Amino acid sequence: MKQGLFITFEGADGCGKTTQIELIDNYLRSKGYETVLTREPGAKGLGTKLREILLHYEGEVSPNCESFLFLADRAQHVDCIIKPALKEGKIILCDRHTDSTVAYQGYGRGINIEEIKHLNNLATSGLKPDLTIVFDVDIETSMSRVGKEKDRMESSGVDFFNKVRNGYLDIAKKEPERVKVINSSDTIENIHKKVVELVEKL
Ligand code: TYD
């Protein structure tokens, strides 16, 4: 029985979501809410090992293998961290979740999107976020924020990131009730206000 709230934060690399998650976390805590700030891939334990492979393995990684590793991390994360915290009535603030796999491995790498959704469903046992915020920013801005030191995923190129960005916008179009897009080229303060508005509605 779910009692807490499950909010996910999404967007292409360098979209500024990590800053925004920290701000909304502080805001909710200051109002007395109990939050859990977590992330995919690699929240803790086994996940950190999977994260290391996903972001830093230097040999060939096939798109299907990549997908299954993200999904394996998700299954562990949902079962061992998210569901127990929801049962305790906490607000989960999760940096990336199911939509990342749809956007990156589906739209980006070209894996069948319906199949990814099906596998996501298996990995989460059907758990869905109450709210998903997508931070949208043009690729030039996001790439300049990422900088020169790129991990394995960040090295995927401009074409890939254009597909990822369009993927997120498409996801939001298809599920407007759950997925809200915020233009992330605005100031940190203005973006934070918009995040607060969306979260307070819940
Ligand atoms: P991370 O350092 O957490 O990046 P960010 O700060 O942008 O969230 O790296 C996670 C990377 O993994 C990022 O490039 C997105 C990618 N990713 C996928 O490709 N599929 C997924 O399912 C998830 C969760 C992440």
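How far from an oxygen atom of the ligand does a polar side-chain atom of Lys17 lie? In this predicted model, the distance from a polar side-chain atom of Lys17 to an oxygen atom of the ligand is 2.6 Å. Because the model is predicted, local features need pLDDT of at least 70 and side-chain atom pairs count only at pLDDT 80 or more, while totals for chains, interfaces and linings use all residues. Residues are numbered from 1 along each chain as its sequence is written, and side-chain values use heavy atoms, with hydrogens and water left out.

**The ligand and its surroundings**

- Around the ligand there are 15 residues, of which Asp13, Lys17, Arg96, Thr101 and Gln105 come nearest; a residue counts as near if one of its heavy atoms lies within 4 Å of the molecule.
- Taken alone, the ligand exposes 550 Å², and the protein buries 90% of that, with accessible areas taken from the Shrake-Rupley method with a 1.4 Å probe.
- Helix H2 (46-56), helix H3 (63-87) and helix H4 (98-108) are the elements that give two or more residues to the shell around the ligand, and H4 gives the most, with four residues.
- Sorted by class, this shell has five nonpolar, three polar and seven charged residues, where Asp, Glu, Lys and Arg count as charged, Ala, Val, Leu, Ile, Met, Phe, Trp, Tyr, Cys and Pro as nonpolar, and the others, Gly among them, as polar.

**The overall fold**

- The protein has eight helices and five strands, which are DSSP runs numbered from the N terminus, with at least four residues (H or I) for a helix and at least two (E) for a strand.
- Read from the N terminus on, the elements run β-α-β-α-α-β-α-α-β-α-α-β-α.
- Along its principal axes, the C-alpha trace spans about 45 × 35 × 30 Å.

**Backbone details in two loops**

- Most residues other than glycine have a negative phi, and most peptide bonds are trans.
- A cis peptide bond, with omega about -5°, joins Glu40 and Pro41, and Pro41 is found in the loop between strand S2 (35-39) and H2.
- Arg96 is not a glycine, yet has a positive phi of about 75°, and Arg96 has its place in the loop between strand S3 (91-95) and H4.

Notes: A polar contact is a pair of N or O atoms within 3.5 Å; within protein, one must be able to donate a hydrogen and the other to accept it, and residues adjacent in sequence count only if both atoms are side-chain atoms.
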